[in-house]
Amino acid sequence: MNGCGGGDYPIRTPLGVIETRTLPAAPTPLLAADSLNSAIYGLKSADSPAEDSGIIRIEVPIQEKVEALDWLRSQSDTLLPRCYFSGRDSGDTALIQNLNGDDHASSNGHDSQHKLLSVAGLGSAVSFRHLHPFSLDDWHSIKRFLSNKCPLIRAYGAMRFDPRSDIAPEWKGFGSFYFMVPQVEFDEFKGSSMLAATIAWDKRLSRTYEQAIASLEATMWQVSSVVRRLNGNTTRAAVLHQTHVPNKVSWDSAVNRALDLISSKNSTLVKVVLARSSRLLTMVEIDPLEWLASLQVEGDNAYQFCLQPPESPAFIGNTPERLFYRNRLNVYSEALAATRARGRTESLDLQIGNDLLSSAKDHHEFAVVRENIRRKFETVCSSTVVEPSKVLRKLPRVQHLYAKLTGTLEKEDDEFKILSSLHPTPAVCGLPTEEARILISEIEKFDRGMYAGPVGWFGGAESEFAVGIRSALVGKGVGALLYAGTGIVEGSNSDLEWQELELKTSQFKKLMKNEAPLSAMMEKIEM
């Protein structure tokens, strides 16, 4: 069922039922699945609800912690659509205070055992896809299936970087945007797990209650209740061929063209982010979830995600960059720009970090991003705070300049305004936005698709989106398409920017050769 509807359907009409039912806890995923199947049979046997539309989530807490990615990797790779989202480890990551949904989500950090770490989903109770750019009507279409009282009913998905550009064949299944409320979902908490099933129906969208249950039963029959705990080892596929678009010669030309515009008195362009697509053809098809598991080793302080619509490759990533997180009226974002490698020794790492902090070129690139986001916050929020205003954010392979922005919305419906205002940020597009976007569309000869677009989830009281960078499109005959970009400002050097592209794709390329993954490191934010 496509929840976007069509024609004259009143997409803002509230659902008749939005409900979460929590069953007694089970000791294992197998017993949780048995309990869930019994509850689904109960739905089937009971009288149909009087309401013409609704969404019901049935959840079974599991008394042991099982990793959501292990559960997803234990399922058939033909069971689509599927999704995975792992939130970043940060102080304002959402907590679910009460698994029955009676209390709203919190970020105070006190109930650490109920901290939702990651979510894996199979099948869609309701999906949202269209070819037109994501609009306020589409936002309302999604939000009508969500409720503050049911915090774990969420729609996971992504949007294109540029919805006005032509969609390439490899991105066709994603449309301009694609979101899904999973039919079957596995939630990983700090000290426990949860298995859930969701049905959604709306007679005006040609989906009856009975059809929703039948569809859920068909998915449950294919779900494995046995979870294989897998290590992070990846079968390293041999690369038969590698192609960059653009190649180095074309890259140099593109950077020089951008620099000419930036220095021109007739242009207002200050910054443009140019990207590269690298296609890797391998002897065997790459398992996107294997890659994602390996990326987790380096991703304690990054978002990991996977989104795979039916008949499509998987869009996966390990991105450090938040677009925004909303908890009721409070909204958080960040500026992340300028890049250096990590040093091999502590003293070298400190030297590289100090060089980044003192670089005039990098400060200019970073300040453009930070001040642009600040201005956008101030147009939507009643108050805005920037703290810290400039520090180092150190990740396992790279370090960046970083600032955190906090704002207060006038009303929760302003969420759409903050989303549409923030994307695309100068960190992935440039400034002024429209002039940079036009230049990108003229220069780049490949489809960015969801790369550098918003990726995350909408909920009732909360929503969270990352920026889909450090990402790849994997499987279904495409091999692997790796994406990376770099900001071009006055003083940029095409050779150094090419090296930065190589650095940003190294987390994927290491999976193609015998290079041991880096040990997970605690993120630091330093002056």
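1. Contacts of Glu-185. Leaving out residues up to four places away in sequence, Glu-185 touches Arg-57, Val-119, Ala-120, Gly-121, Leu-152, Tyr-156, Met-194, Leu-195 and Ala-196; a contact means heavy atoms within 4.5 Å. Glu-185 belongs to strand β6, residues 177-189. Helices (H or I, at least four residues) and strands (E, at least two) are DSSP runs, numbered from the N terminus. Glu-185 counts as buried because its relative accessibility is 3%. Buried means under 20% relative accessible area, exposed over 50%, and partly exposed in between (1.4 Å probe, protein chains only). The side chains of Glu-185 and Arg-57 make a polar contact of 3.0 Å. Such a contact is a pair of N or O atoms within 3.5 Å; within protein, one must be able to donate a hydrogen and the other to accept it, and residues adjacent in sequence count only if both atoms are side-chain atoms.

2. Basis of the model. The model is predicted: local features need pLDDT of at least 70, side-chain atom pairs count only at pLDDT 80 or more, and totals for chains, interfaces and linings use all residues. Residues are numbered from 1 along each chain as its sequence is written, and side-chain values use heavy atoms, with hydrogens and water left out.

3. The chain as a whole. The chain has 11 helices and 22 strands. Of its 527 residues, 60% count as buried. Among contacts with a separation of 6 or more, 80% are between residues 24 or more positions apart. Helix α3 is mostly covered, with 6 of its 8 residues buried; these are Asp-138, Trp-139, His-140, Ser-141, Ile-142 and Lys-143.

4. Aromatic pairs. The structure holds 21 aromatic pairs. Rings of Phe, Tyr and Trp (its six-membered ring) pair if their centres lie within 6.5 Å; planes under 30 degrees apart count as stacked, over 60 as edge-to-face and the rest as tilted. Phe-128 and Phe-145 form an edge-to-face pair, 5.8 Å centre to centre with 70° between the planes. This pair links distant parts of the chain, 17 residues apart: Phe-128 is in strand β4 (residues 116-130) and Phe-145 in the loop between α3 (136-143) and β5 (155-159). Both Phe-128 and Phe-145 are buried. Trp-201 and Tyr-209 also form an edge-to-face pair, at 5.0 Å centre to centre and 80° between the planes, and both Trp-201 and Tyr-209 are buried. Ring pairs also link Phe-134, Phe-177, Phe-179, Phe-324, Phe-416, Phe-458 and Phe-465 into a cluster.

5. Charges over rings. The charged end of Arg-276 sits over the ring of Trp-498, 4.6 Å from its centre. Arg-448 lies over the face of Phe-161, 4.3 Å from the ring centre. The criterion is that NZ of Lys or CZ of Arg is within 6 Å of the ring centre and within 35 degrees of the ring normal.

6. Surroundings of Phe-446. Phe-446 is in the loop between α10 (433-443) and β18 (454-458), and counts as buried because its relative accessibility is 16%. Apart from neighbours within four places in sequence, Phe-446 is in contact with Val-245, Ala-275, Arg-276, Ser-277 and Tyr-483. The C-alpha atoms of Phe-446 and Ile-167 are separated by 9.8 Å, although these residues are 279 residues apart along the chain.

7. Backbone points for review. Most residues other than glycine have a negative phi, and most peptide bonds are trans. A cis peptide bond joins Leu-80 and Pro-81, with omega about 0°; Pro-81 is in the loop between α2 and β3. Another cis peptide bond joins Val-245 and Pro-246, with omega about 5°; Pro-246 lies in the loop between β8 (239-245) and α5 (248-263). Glu-311, not a glycine, has a positive phi of about 55°. Glu-311 lies in the loop between β10 (303-308) and β11 (314-319), and is exposed, with a relative accessible area of 75%. Ala-452, also not a glycine, has a positive phi of about 70°. Ala-452 is in the loop between α10 and β18, and is buried, with a relative accessible area of 1%.
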